Amino acid sequence: MMADPRRHLLDLDDLDALEIEGLLNSAEGMLEIAGRDVRKTPALRGKTIITLFFENSTRTRVSFEQAGKILGADVINVAASTSSLSKGESLLNTVKTLEAMQIDALVVRHPHSGAPYFIANHTDASVVNAGDGTHAHPTQSLLDLFTVRKHLGDLAGKRIAIVGDILYSRVARSDIIAFQKMGAEVVVSCPNTLLPDEWQPGSILGQQTGFENLEIARNVDEAVEGADVVMALRIQQERQEAGHLPSLREYSDRWGINSRRMAMAHDGALLMHPGPMNEGVEIASDVAHGVQSVIEEQVRSGVAVRMAVLYALCARSRSARNGAGTEN
Amino acid sequence: MLLAARKKLAIRGGRVIDPAQGIDRIADVLISNGKIEEITGKSDGHTPDGYEQIDASGLIVSPGFVDLHTHLREPGQEWKETIATGTQAAAWGGFTTVCAMPNTEPVQDTASVVDDVMRRAEAVGVVRVLPIGAISVGQNGKRLAPMGELADAGVIGFSDDGNPVSDANLMRQALAYSVDLGLPIINHAEDKRLGAGGVMNAGAVATRLGLAGVAAEAETAMVTRDLQLAGLTGARLHIPHVSTIGSITALRSAKERGLNVTAEVTPHHLTLTDEWVYGQHGEVPESVGPESYDTNTKVNPPLRSRADEEVLIEALAEGLIDVIATDHAPHAATDKICTYNEAAYGINVLETAFSSIFTLVDVDPKMLSLGRLIESLTAGPAAILGRDLGSLEKGYSADVTLIDPEMKWTVNPQAFASKSVNTPLAGVELTGRVVITIYQGTKVFDLRNHG
């Protein structure tokens with residue numbers, strides 16, 4: 001028996017490896033379409049997708065918009081951060097108002113963790129989480145998997161080192177879950193001030209932490225040693241202001257990814273970054289633009305992966321989706 | 001009301017538990033003129049003439065519960081709760097006395113506001129309302145409220161509840177000033193800087209959900225400070241809603257030193273943990289789901305870890321924590337239908353308080369005895385108030401709560417007497433239920449009329 005068709009993509013924790021692979025395989029085809037001279041298919045013609053962004057983001061919003069448009073959907077961008085909330089309109093009212101306009105999918109970026117779940121509870125449309133607070137960013141993780149798979153093939157047994165602002169990073173949380181689901185080993189490193197209190201350097205997390213088998217390195221060298229993928233996360237200036245870091249200079253020196261550290265990684269290791277980069281802080285310019293870097297390719301993969309996600313959620317008719325499994 | 005109060009009542013054949021008098025036996029309780037007349041030696045089946053009878057066989061007969069920590073929201077936030085609905089909720093939960101926190105609008109920081117609350121309570125309240133005055137003007141932690149004037153107006157203690165007194169010197173002055181008045185200072189203990197804007201307990205659940213966590217140490221640090229200042233001033237300190245192992249350790253040390261300190265714990269900190277934020281009634285789900293980020297679990301202090309919960313139960317059982325208080329904090333639906341960050345802090349507690357803890361007792365009486373549970377809702381808080389309440393002693397106000405210990409019921413917030421429905425216990429089956437509440441000799445709640 002087939003599983004119920006997926007309605008939302010809120011994180012990757014409720015997808016199994018098979019479903020993730022299905023999306024990645026679909027994204028392969030989408031990558032080909034996105035690379036054509038004439039990039040337009042009628043797959044989602046007549047569908048309406050709204051990107052509802054409560055936080056500024058150029059790359060993610062444009063990536064979703066491009067994905068939807070290549071598939072033929074009508075894409076409406078709503079920058080809600082200032083317009084509705086400043087007038088005192090509640091998130092619930094905003095969602096109900098948009099839904100009354102007969103939409104198929106809502107792509108949501110929100111500064112509060114859990115906001116897409118709240119929205120999913122109050123709409124018939126499909127909800128795609130485009131980043132919520134410090135919780136999850138599932139399409140970023142899918143594009144990371146897609147990019148790594150293209151270069152390294154099967155992810156099983158590969159060592160993925162994530163370095164940076166773990167405490168506040170939704171990319172880190174979703175990536176840990178995503179890479180582990182595909183059989184990779186994940187290790188993280190960051191200043192102790194940016195690590196959850198219950199995570200101890202030099203340990204492997206147990207089941208009760210919710211991130212079982214995650215390795216917490218003692219220092220960044222230990223993390224990148226023998227890694228197949230090195231992922232640097234963006235360090236925000238505000239971490240320094242909030243007292244998490246003495247200075248960005250010290251961060252760069254002790255945790256920044258540079259050529260010396262890349263040399264410690266496995267031969268042919270990939271260097272990744274979810275963007276936007278602070279070159280010279282968490283990542284040195286020479287390696288960011290060097291032969292091991294796949295950072296620009298991540299952006300290209302993003303469109304293909306988001307096409308695959310939107311297609312998976314929207315291709316079915318609204319009535320069929322909302323008729324809960326009658327198709328199966 | 002007055003006429004009804006003159007009625008004579010005989011509560012017959014129940015298991016009378018009155019910890020203040022060391023009573024736990026099957027007996028009849030006789031009431032006349034709104035006062036306790038007598039607890040008979042045993043229930044002999046003989047009914048004196050002229051008494052209306054209540055058959056209490058199979059029921060527990062307890063002194064009416066006393067809650068040291070209630071938010072009635074009136075004046076100022078009547079869309080969340082009023083003195084009328086809040087005291088009805090109290091009656092439904094078996095409480096015959098509630099102490100109203102001063103974080104109303106306006107704040108209860110002058111005698112005139114306190115007088116107004118007391119007059120309103122007299123007019124529309126179905127149970128006794130005792131006001132708590134603010135520590136500082138406007139509860140803003142800058143300068144002391146007129147504590148003497150408030151004491152004269154009848155407040156039972158002082159609190160800026162919700163707003164910790166962050167300034168250690170102001171806290172010291174408040175404690176020192178209160179010595180003369182003989183009333184406790186009740187400080188919400190939370191180091192806001194250390195809490196760093198957290199919205200739930202720091203730990204694995206917060207990390208998994210990506211919610212900012214408040215470390216237990218944010219409470220422990222201020223509890224420790226306050227205990228030191230109580231020692232310095234010799235004042236009475238009452239610690240509201242303790243929730244951390246560290247607070248318990250500090251409390252134990254302070255009591256061993258002989259300091260004049262007491263502490264309360266809420267039903268939710270005794271029975272729920274931060275795992276409830278996943279929205280699966282305490283189960284940890286395989287994946288975060290649409291029921292996660294349950295805003296009805298958002299409360300301050302936050303629901304803590306299992307380890308904290310266990311230590312709190314032990315501390316209550318041994319009497320280190322003196323009392324159970326509800327911190328009943330009603331909020332309107334719009335305060336909770338939003339993201340977790342946006343949601344208001346607070347849980348609606350009065351109507352589930354007894355049952356939620358009794359369900360624990362029922363499962364494991366060794367963990368917490370029924371006698372201790374009732375003591376911490378009656379004699380315990382009455383002793384802190386220093387009033388003739390919380391007992392069925394002859395001549396005391398006839399405040400009596402009847403409990404059916406066998407009854408199983410499922411929490412349905414839509415049926416609450418409270419104006420608000422913000423409980424994480426919706427749909428949870430509990431054991432034991434308050435079936436009748438009597439205040440000053442008059443029935444103010446009878447489940448048969450509301451079933």
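Two residues are in contact if their C-beta atoms, placed from the backbone, lie within 7 Å. The legends below describe a predicted model, in which local features need pLDDT of at least 70 and side-chain atom pairs count only at pLDDT 80 or more, while totals for chains, interfaces and linings use all residues. Residues are numbered from 1 along each chain as its sequence is written, and chains are lettered from A and ligands numbered from 1 in the order in which they are written.

**View 1. Overall fold of chain A.** Chain A has 14 helices and 10 strands, where helices (H or I, at least four residues) and strands (E, at least two) are DSSP runs numbered from the N terminus. Its C-alpha atoms fill a box of roughly 55 × 45 × 40 Å along the principal axes. The radius of gyration, taken over C-alpha atoms, is compared with a globule rule of 2.2 Å times the number of residues to the power 0.38. For the 328 residues of chain A, a compact globule would have a value near 20 Å, and the chain agrees with 20 Å. Among contacts between residues at least 6 apart in sequence, 75% join residues at least 24 apart.

**View 2. The four-stranded sheet of chain A.** An open sheet of four strands is arranged in the order β2-β1-β3-β4 with parallel pairing; two strands pair if DSSP finds at least two bridges between them. Strands β2 (74-79) and β4 (126-132) of chain A stand at the edges, each with a single partner strand, so one side of each has no neighbour in the sheet. Strand β1 (residues 48-53) of chain A is joined to β2(A) by six bridges, and the two run parallel. Within this pair, Val75(A) in β2(A) is the bridge partner of Ile49(A).

**View 3. The largest nonpolar core.** A nonpolar core is a set of buried Ala, Val, Leu, Ile, Met, Phe, Trp, Tyr and Cys residues joined through C-beta atoms within 7 Å. A residue is buried if 20 or more other C-beta atoms lie within 10 Å of its own, exposed if 12 or fewer, and partly exposed in between, with C-beta atoms placed from the backbone. The largest core has 243 residues, of which Val163(A), Val230(A) and Met307(A) touch the most other members. Helix α13 (residues 295-314) of chain A supplies the largest share, 11 residues. Leaving aside residues up to four places away in sequence, Met307(A) touches Ala27(A), Met30(A), Ala34(A), Ala67(A), Ile70(A) and Leu71(A).

**View 4. The contact between chains A and B.** The contact takes 26 residues from chain A and 21 residues from chain B. On the side of chain A that touches chain B, the elements giving two or more residues are α4 (91-99), α5 (115-120) and α7 (170-181) of chain A. Helix α5(A) gives the most, with four residues.

**View 5. Backbone exceptions in the loops.** Most residues other than glycine have a negative phi, and most peptide bonds are trans. A cis peptide bond joins Gly275(A) and Pro276(A), with omega about -10°; Pro276(A) is found in the loop between β10 (270-272) and α12 (285-288) of chain A. In chain B, the peptide bond from Asn300(B) to Pro301(B) is also cis, with omega near 0°. Asn33(B) has a positive phi of about 55° and counts as exposed, with 12 C-beta neighbours inside 10 Å. Arg73(B) has a positive phi near 70°, but Arg73(B) is buried, with 27 other C-beta atoms within 10 Å.
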